[in-house]
Amino acid sequence: MTAPAAPSADSPTGTGSVTDRLLAANRRYAAAFTDPGTDARPVLGVAVVSCMDARIDLHAALGLRLGDCHTIRNAGGVVTDDTIRSLTISQRALGTRAVVLIHHTGCGLESLTEDFRHELEDEVGQRPAWAVEAFRDVDQDVRQSLQRVRTSPFLLHVDDVRGFVFDVSTGLLREIDPRS
């Protein structure tokens, strides 16, 4: 038995896919859209690295507007090689100077292990090249991410790098001391 489809933005009967709903929402958005008049350089000169968790509305939580920052999101908000790639482009080509790292409480990576990769290999016949980056202590994982940014030879600006944990229950950020 399959679950009923979620109501579509275009159809009150609930037919249509989630993607159809998103496209309908985009049409409404585009109808009222006005060009902010900015280029790809973030107005505030900051890049924010955060978890992809759907409970985190970064722009609302940080009081940001369209064009204010570069937003880099992935599972856990961890600093991976691809995150360094994006930050390097953000800094060297698009002028950002500050980096804000945001992990959060109740992250799904706290319940995974690297065994996840082995399970995928058993299922599909190929082990992923990437690491899961699972962790048990969110504060320590923020410290590790801070260290990865601050020691990257590719980044020009590592003096204004700060890390936080977002509490998904209260919406508050708690800063992590990198030396603890």
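Ala, Val, Leu, Ile, Met, Phe, Trp, Tyr, Cys and Pro count here as nonpolar, Asp, Glu, Lys and Arg as charged, and the others, Gly among them, as polar. By that scheme, the lining of the largest pocket divides into eight nonpolar residues, two polar and one charged.

This is a predicted model: local features need pLDDT of at least 70, side-chain atom pairs count only at pLDDT 80 or more, and totals for chains, interfaces and linings use all residues. Residues are numbered from 1 along each chain as its sequence is written, and side-chain values use heavy atoms, with hydrogens and water left out.

Start with the pocket. A pocket is an open set of points on a 1 Å grid over the protein atoms alone, where a 1.4 Å probe fits, with protein on both sides within 12 Å along at least five of seven lines; lining residues have an atom within 4 Å of a point. The largest one holds about 210 Å³ of space. Its volume is the space filled by probe spheres set on the points. N74, A75, V78, T80, L109, L112, F116, W130, A131, V132 and E133 form its lining.

Now follow E133. It sits in the loop between α4 (115-124) and α5 (138-150); helices are DSSP runs of H or I, at least four residues, numbered from the N terminus. E133 counts as buried because its relative accessibility is 16%. Buried means under 20% relative accessible area, exposed over 50%, and partly exposed in between (1.4 Å probe, protein chains only). Leaving aside residues up to four places away in sequence, E133 touches V78, T80, L109, E114, Q144 and R148. Contact here means heavy atoms within 4.5 Å. The backbone of E133 also stands out: its phi is near 65°, a positive value in a residue other than glycine. Most residues other than glycine have a negative phi.

Next, the cysteines. A disulfide needs cysteine sulfur atoms within 2.5 Å, and the structure holds zero disulfides. C51 is buried at 4% relative accessibility. C107 is buried too, at 7%.

Last, the aromatics. The structure holds one aromatic pair. The ring centres of Y29 and F33 lie 5.4 Å apart with planes at 50°, so the pair is tilted. Rings of Phe, Tyr and Trp (its six-membered ring) pair if their centres lie within 6.5 Å; planes under 30 degrees apart count as stacked, over 60 as edge-to-face and the rest as tilted. Y29 is partly exposed at 48%, and F33 is partly exposed at 40%.

Key:
Helix = DSSP H or I, 4+ residues; strand = E, 2+ residues; numbered from the N terminus.
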